[in-house]
Amino acid sequence: MSRIAYFGPQGTFTEQAARRLAPGEELIPAETIPAALAAVRAGAADAACVPIENSVEGAVTATLDSLSEAEPLVAVAEVLLPVHFSVLIRPGTTEIRTVASHPHALAQVRHWVEANLPGARPVATSSTAAAAVAVDAGEFDAAVTAPVAVEHYPLEVRATEVADVRDAKTRFILVRAPGDLPEPTGADRTSIVAAATNRTGALAELLTELAVRGINLTKLDARPTRNNFGEYRFFIDFEGHVAEPRIGDALAALRRRCRNVRFLGSHPRADNGKTEMEPGAANEDFTDAIGWVESVRKGAQA
Ligand SMILES: O=C(O)C(=O)C[C@]1(C(=O)O)C=C[C@@H](O)C=C1
């Protein structure tokens with residue numbers, strides 16, 4: 001049985017994602033996202049499940065930062081989960097002065113809280129389930145959590161289906177130490193983090209390497225390198241798998257152009273979106289062109 005670290009404690013959205021991505025495996029809660037990833041780096045877990053992107057709040061920056069530091073890890077699978085929240089209270093609570101949750105969750109229910117719990121002060125906790133633990137301990141009055149959290153903590157449901165934006169989703173990834181990659185499926189996502197050189201047009205050139213090969217971007221985030229003010233790392237997700245000639249060709253170009261490129265994984269997309277090939281940029285076009293150059297070099301063709 002594999003050991004899967006996840007951003008816990010029990011009852012987080014991430015726990016549900018881990019159950020979907022690694023059914024039947026041993027789940028080990030970690031208090032923070034960096035701690036879940038550190039467990040894999042230290043060999044205390046075989047893989048980790050962490051949130052990476054929310055359709056309302058965008059990137060989960062703790063995940064991006066942890067993936068770009070320390071020993072490399074690669075994503076091998078992903079799942080998209082619908083996100084709607086419950087508000088949990090201690091039984092008998094009548095007045096709600098504080099509402100605790102993960103900052104991402106608080107941001108997704110801000111209007112609901114203003115309208116339904118006027119005057120309640122939002123308080124950030126390390127995760128949605130950590131907020132339930134704190135409410136149970138009497139530290140805060142209400143917790144904004146995944147609906148499943150009520151099964152783990154002795155709290156009462158004050159409201160369900162709480163969300164400012166309907167149909168919000170969070171994407172979660174399963175990461176491991178570098179090793180065998182999942183096979184390409186024709187509906188894959190590749191992720192990298194690149195430190196572009198600090199000069200005019202560097203980011204545009206980097207994106208152009210993808211664009212000229214007909215590679216469709218699915219996400220772009222910038223995070224500071226933390227060393228020099230104004231210096232950024234770019235987290236880029238795009239359609240395709242590193243095993244494909246056109247993707248390999250693009251990665252080689254990025255490796256040439258950037259100060260540093262880290263491969264963060266190629267795996268099937270949870271939304272099953274098939275990769276559309278631009279004319280002249282299909283894998284056969286790349287293989288055919290490389291073959292033609294080889295035969296020119298050998299004097300067999302012109
Ligand atoms: O705290 C949790 O329950 C999480 O799994 C984290 C997280 C996030 O980081 O975005 C996951 C989904 C929701 O968008 C809110 C919080």
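Guide: What follows goes from the domains to the sheet, and then to a strand in another domain. The model is a predicted one, and the domain assignment of the protein chain divides it into domain 1 (1–82 + 170–179), domain 2 (85–162) and domain 3 (181–285). Between domain 1 and domain 3, the C-alpha centres are 21 Å apart, and the contact between these two domains involves 16 residues of domain 1 and 15 residues of domain 3. On the side of domain 1 that touches domain 3, the elements contributing two or more residues are α3 and β5 (74–82), and of these β5 gives the most, with 7 residues. Sorted by class, that side of domain 1 consists of 10 nonpolar, 2 polar and 4 charged residues.

Helix α3, which spans residues 61–68, lies across β12 (188–195), β13, β14 and β15, and its direction makes an angle of about 80 degrees with β13. These 4 strands form an open sheet with antiparallel pairing, in the order β13-β14-β12-β15. At its edges stand β13 (217–224) and β15 (260–268), each of which pairs on one side only, while the twist from one strand to the next averages 15 degrees.

Strand β6 covers residues 85–89, and because 4 of its 5 residues are buried, it is largely enclosed by the rest of the structure. Strand β6 pairs with β10 (residues 156–162) in the antiparallel sense over 4 bridges, and here F85 stands across from V162 of β10. Strand β6 also pairs in the antiparallel sense with β9 (residues 142–145), again over 4 bridges, and in that pairing L88 is found opposite A143 of β9.

Notes:
Residues numbered from 1 in each chain as written. Predicted model: local features only at pLDDT ≥ 70, side-chain atom pairs only at ≥ 80, totals over all residues. Pairing = 2+ DSSP bridges. Axes fitted to C-alpha atoms, helices over the stretch in contact; angles between N-to-C directions. Contact = placed C-beta atoms within 7 Å. Domains from an automatic or database assignment. Nonpolar A, V, L, I, M, F, W, Y, C, P; charged D, E, K, R; others polar. Buried ≥ 20, exposed ≤ 12 C-beta atoms within 10 Å, placed from the backbone.
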